Amino acid sequence: MNIKILELGKNKARLEIQGEGHTFMNVLTEEILKDPGVDVARYLIKFQFSDPELLVTTRGNRDPLDVVKDACGRLEKSCNELLDQIPAD
Amino acid sequence: MEIAFSVLDDQIARFRLDKSSIAFANSLRRAMIGEVPTMAIEDVKIYDNTSALFDEMLAHRIGLIPIKTEEECLIPRDTCSCGGIGCPSCSVLFTLSVEGPGMVTSKDLISQDPRIGPASPDIPVVKLIGGQKVVLEARAIVSRGREHAKWQPTTACGYKNYPVVTVNDRCDACGHCVEECPREILEIRDGRVAVIEGRLESCSLCRLCERACLNTGIGEEAGIIVRSDESRFLFVVEGDGSLPAKNIIRQGLDYIRTQSQGLAAQIYEISGETRDEND
């Protein structure tokens, strides 16, 4: 996966996440929004075939990239939890 | 998050996803349909086709036949070292040669790799009358349902919210809702309407019981209320035979995990670099 930073400020980040679709972006933005330090988390797929653009803004001193990283960590943890519960062959 | 299976065999899995969110449930559903790699026939070389179907139609029908894949036995074409031309490690060749009269079925597709073959032997392709002939060569590759529906490993894959049925004091046990319920999940127990034990999960959230209750002239508010639990989901995953249902779930979850890991790694790389620049 490749990402492109379109804008990066103290409380705002705009990233283009290449090769992703609604499948991952929707769950990612919802997960980011669970963070109390987050103000806005949205993604936009401009045209059917374009890469999604993720916008994250935060409150206070929270770093917008850290927020995304933490959300990824939480998603990974949930998946691991579920994978452990699937009975082995 | 928790997962509890009620049915789990090769063809079908039914499970309850607990302590989850709508976004995660939908993402898992989409991942299972569109992001799990399976095998399907992509290129067809037709040597002889005197059947009633056009070449394109025949190729389309052959493409939709589910191919049973042993996990990780082939790699996607775009990541193969052959550069997408097609080699034994990224594609498998099938031959089909049938003369009429008779029905051409999926078992007539002869695979070159004994580990790989049609998931079901009796899928009809085309009916031939005497003298008609189909001779062709087909190449199957690995891809994802996102590219074309023939690579979907699932036939039915979906979820519904967990139903929450509450009966309040306004209920007078008239039994109208019991009659109305299409899934027959209600009964009258101890002078009150109640859900039959073990049948709650059959509720389709149609709320016909609420309407039946209101139609009795009970007033503004019904005696039975059906709501959905936003953190619990009932999933049905039905495979087409190309992969066992358990593997579909596993690989769907694995997709979400891999994407999260990838994004986190990329961000770590970038923020590491910017930190260096600040120093």
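1. B:S21 is buried in this predicted model, because its relative accessible area of 19% falls under the 20% limit. The residue sits in the loop that joins β2 (12–18) to α1 (22–34) of chain B. Apart from neighbours within four places in sequence, B:S21 is in contact with A:K34, B:E230 and B:F233. One of these partners, A:K34, belongs to the other chain.

2. The contact between the two chains draws on 33 residues from chain A and 32 residues from chain B. Together the chains bury about 3,100 Å², of which 66% lies on carbon and sulfur atoms. Residue pairs in polar contact between the chains number 12, counting pairs with both members at pLDDT 80 or more.

3. On the side of chain A that touches chain B, β1 (3–8), α1 (22–33) and α2 (64–85) each supply at least two residues. The largest share, 13 residues, comes from α2(A). By residue class, this side of chain A comprises 17 nonpolar, 9 polar and 7 charged residues.

4. The helix α1(A) deserves a separate remark. Its 12 residues should span 16 Å at 1.5 Å a residue, and the end C-alpha atoms are 16 Å apart, so the two values agree. Within α1(A), the buried residues are A:T23, A:F24, A:M25, A:V27, A:L28, A:T29, A:E31 and A:I32. The charged residue A:E31 is therefore among those buried in this helix.

Definitions and conventions: Residues numbered from 1 in each chain as written. Chains lettered and ligands numbered in written order. Predicted model: local features only at pLDDT ≥ 70, side-chain atom pairs only at ≥ 80, totals over all residues. Heavy atoms only, no water. Contact = heavy atoms within 4.5 Å. Buried area = accessible area lost by both parts, 1.4 Å probe. Polar contact = N/O pair within 3.5 Å; in protein donor to acceptor, adjacent residues only side chain to side chain. Helix = DSSP H or I, 4+ residues; strand = E, 2+ residues; numbered from the N terminus. Expected span 1.5 Å × (residues − 1). Buried < 20%, exposed > 50% of the residue type's maximum accessible area, 1.4 Å probe, protein only.
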